[in-house]
Amino acid sequence: MIAVASGSERQARLTELGAAFVIDRLQKDVVEEARRLTKGKGVDLVIDPVGSTLQASLSALAPEGRLVFLGNAGGGELIVDLWLPMQNNQTLHGVFMGSIFERPSVHGTVDDLLAAAAAGSIDVVINRSFALQDAANAHHFAETAKPLGRVVMIP
């Protein structure tokens with residue numbers, strides 16, 4: 001797995017979580033480095049939660065690769081040129097939970113994931129915990145610190 005991050009602390013954490021390679025987006029061109037690491041082929045799957053990086057994500061894909069974009073954490077408009085992805089038979093899949101969350105199958109899957117997390121069956125990456133009475137600081141941290149993992153408020 002290839003991950004992208006900035007800052008040595010975030011890069012080290014991604015390596016701990018299993019990334020074989022971490023590209024520092026501030027030091028290297030992500031597309032060029034992904035192509036180098038895949039010997040020019042490109043990556044088979046990109047998961048992009050940022051949104052504003054969609055064009056670079058598409059450029060890093062191998063022919064017939066897949067791009068899953070989850071929201072738009074980077075803000076701004078999501079504008080991409082789709083001509084080359086179409087020619088390369090690449091697949092784009094957008095995921096926005098807001099409009100489908102109440103579907104029984106989706107709701108059930110989320111319930112199952114929460115139960116597994118509560119039982120300790122899966123690891124949840126928690127960046128920082130705050131006391132509930134410190135909610136304003138928790139929200140400020142989540143909005144400004146660009147945490148790697150969840151921000152949790154504890155009653």
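**Contacts, core, sheet and charges**

I begin with Val43, which touches Ile2, Ala34, Thr38, Ala60, Leu61, Ala62 and Gly65, leaving aside residues up to four places away in sequence; contact here means heavy atoms within 4.5 Å. This is a predicted model, in which local features need pLDDT of at least 70 and side-chain atom pairs count only at pLDDT 80 or more, while totals for chains, interfaces and linings use all residues. Residues are numbered from 1 along each chain as its sequence is written, and side-chain values use heavy atoms, with hydrogens and water left out.

On confidence, pLDDT is the predictor's own score for each residue, from 0 to 100. The chain has a mean pLDDT of 89, and 99% of its residues reach 70 or more. Helices (H or I, at least four residues) and strands (E, at least two) are DSSP runs, numbered from the N terminus.

Val43 also belongs to the largest nonpolar core, which has ten residues, including Ala34, Ala60 and Leu61. Such a core is a set of buried Ala, Val, Leu, Ile, Met, Phe, Trp, Tyr and Cys residues joined through side-chain atoms within 4.5 Å. The elements giving two or more residues to this core are H2, E3, helix H3 (54-60) and E4. H3 provides the largest share, three residues.

Turning to the sheet, three strands form an open arrangement in the order E3-E4-E5, with parallel pairing; two strands pair if DSSP finds at least two bridges between them. Strand E3 (43-48) and strand E5 (91-95) are the edges, each pairing on one side only. Five bridges join strand E4 (residues 61-70) to E5, and Leu70 has Val95 as its bridge partner in E5.

Finally, the charges. How many salt bridges does the structure hold? There are four, each defined as a side-chain nitrogen of Lys or Arg within 4 Å of a carboxyl oxygen of Asp or Glu. Lys28, Glu33 and Arg36 are linked in a network. In it, the closest N and O atoms of Glu33 and Arg36 are 2.6 Å apart, and those of Glu33 and Lys28 are 3.7 Å apart. Glu33 and Arg36 are three residues apart in helix H2, so about one helical turn separates them. Is Glu33 buried or exposed? Glu33 is buried, at 11% relative accessible area, whereas Arg36 is exposed, at 52%, and Lys28 is partly exposed, at 43%. The cut-offs are under 20% for buried, over 50% for exposed and partly exposed in between (1.4 Å probe, protein chains only).
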